[in-house]
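This report describes one protein chain for a reader who has not seen it before. Please look over the sequence and the model first.

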Amino acid sequence: MALPFTTLDVFTETRFKGNPLAVVTIPPGIVLTQAQKQAIAREFNLSETVFVHDVENPAATGERRFDIFTPQGEIPFAGHPTIGTAVFLHPHGVRTLLAKVGPINIEPAADGALRAAIPHNVRLHQRRLPGPNPGSFPTSQAQIARVERLAPLFSIVKGMTFALIELPSLDLLGAVWVGALPELPAELLDDGWRDGWVTRRYYFVRLGSERVGGRIVHRIRTRMVNQTIEDPATGSAACALSSYLSLHELEEQSVSFEITQGVEMGRASNILIDVEVSKGLDGARKLGTLHLGGRAVPVMSGSIMA
């Protein structure tokens, strides 16, 4: 059985930049088992591979169901697979993606990008990062270890949680090492939120802000590393960071973020976030709409035997 696939570089207009994604199309009437999907995702060996379930009459519906797999397992949501799949399917009349976390509406954004309305179930966890002993690291890593102490843990949905670590300079951001700091235990998360927890440290440096077209735009540079890899673009982490800042540090009700990631590894990515915040009767800030935006460019196409 031959399944068509396309790879795209996401959050960029330039091939071989951004974050690579494989989109595998499952024709109508074909059923793949979880094991088959997992094997295909391992074969591509990208951070994510998506499986789009095609329909008999594409013109009759603007929806497509899609599944997101890493080489290790299925996940409910991820940012760059959502934008890459949206760019892939939008020319075919698709306006809603059906993900495990719920329906995701897609629409044109400024300057030819697409944006997706992201389902969310946010949580700021009670515990903060304890921070490792800085004395056991080289100088730059010791600085990072000191800074990460008491950094917040924030979930965008259950199973997608990030340690949001603000660094004071781009020099220190550039000094981050893959695998330099120990894994974070799942016990740091609140009860009921530990399923799907994977160590994700998301480092960021604020580059400033300005008013553009009636909105404040905050510009941020980021890196996402774990024990073995660095991710050139992490839309889910960008959504988590933007939501956390909008709810807990900023005062605006309508705020935008331009997040650049992947520069240090030669795969610069540009991630756009729009957040709307409201106030409840108790005065607490509540997350309203959350839009993730960006571009993608096709790189390869062919078929994979399943």
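Gly73 is buried, with a relative accessible area of 16%. Here buried means under 20% relative accessible area, exposed means over 50%, and partly exposed is in between, with a 1.4 Å probe and protein chains only. The model is a predicted one, in which local features need pLDDT of at least 70, side-chain atom pairs count only at pLDDT 80 or more, and totals for chains, interfaces and linings use all residues. Residues are numbered from 1 along each chain as its sequence is written, and side-chain values use heavy atoms, with hydrogens and water left out.

Gly73 sits in the loop between strand 4 (63-69) and strand 5 (74-75). Helices (H or I, at least four residues) and strands (E, at least two) are DSSP runs, numbered from the N terminus. Leaving out residues up to four places away in sequence, Gly73 touches Gln38 and Ile68, where contact means heavy atoms within 4.5 Å. Gln34 is 39 residues from Gly73 along the chain, and the C-alpha atoms of the two are separated by 9.0 Å.

**The chain as a whole**

The chain has five helices and 18 strands. Its radius of gyration is 19 Å, close to the 19 Å that the globule rule gives for 306 residues, so the chain is as compact as a globular protein of that length. The radius is taken over C-alpha atoms, and the rule is 2.2 Å times the number of residues to the power 0.38. Along the principal axes, the C-alpha atoms fill a box of roughly 55 × 45 × 40 Å. Of the 306 residues, 52% count as buried. Among contacts with a separation of 6 or more, 65% are between residues 24 or more positions apart.

**Nonpolar cores**

A nonpolar core is a set of buried Ala, Val, Leu, Ile, Met, Phe, Trp, Tyr and Cys residues joined through side-chain atoms within 4.5 Å. Which members of the largest core touch the most other members? They are Tyr202, Phe257 and Ile273, out of 55 residues. Helix 5 (residues 235-248) gives the largest share of this core, eight residues. A second, separate core has 20 residues, including Ala142, Ile165, Leu173 and Val225.

Tyr202 lies in strand 12 (residues 201-212) and is buried at 0% relative accessibility. Its C-alpha atom is separated by 9.9 Å from that of Thr161, 41 residues apart along the chain. With neighbours within four places in sequence left aside, the contacts of Ile273 include Ala238, Cys239 and Ser242, as well as Phe257 and Leu290.

Ser243 belongs to helix 5 and, at 0% relative accessibility, counts as buried. Beyond residues up to four places away in sequence, Ser243 touches Val122, Phe154, Ile156, Leu287 and Leu290.

Most residues other than glycine have a negative phi.

**A pocket and a cavity**

Both terms rest on a 1 Å grid over the protein atoms alone: a cavity is a set of points where a 1.4 Å probe fits but cannot get out, a pocket is an open set with protein on both sides within 12 Å along at least five of seven lines, and lining residues have an atom within 4 Å of a point. Grid points are joined across faces, edges and corners, and a volume is the space filled by probe spheres set on the points.

The second largest pocket has a volume of about 360 Å³. Of the 17 residues that line this pocket, Ala110, Ser256, Glu258, Leu272 and Asp274 lie nearest its centre. Strand 13 (215-225), strand 15 (254-261), strand 16 (269-279) and strand 17 (285-294) are the elements that give two or more residues to the lining. By class, the lining has seven nonpolar, three polar and seven charged residues. Ala, Val, Leu, Ile, Met, Phe, Trp, Tyr, Cys and Pro count as nonpolar, Asp, Glu, Lys and Arg as charged, and the others, Gly among them, as polar.

The structure holds one cavity of 30 Å³ or more. The largest cavity has a volume of about 40 Å³, and of its ten lining residues the closest to the centre are Leu181, Arg201, Val225, Asn226 and Gln227. The lining of this cavity divides into five nonpolar, four polar and one charged.
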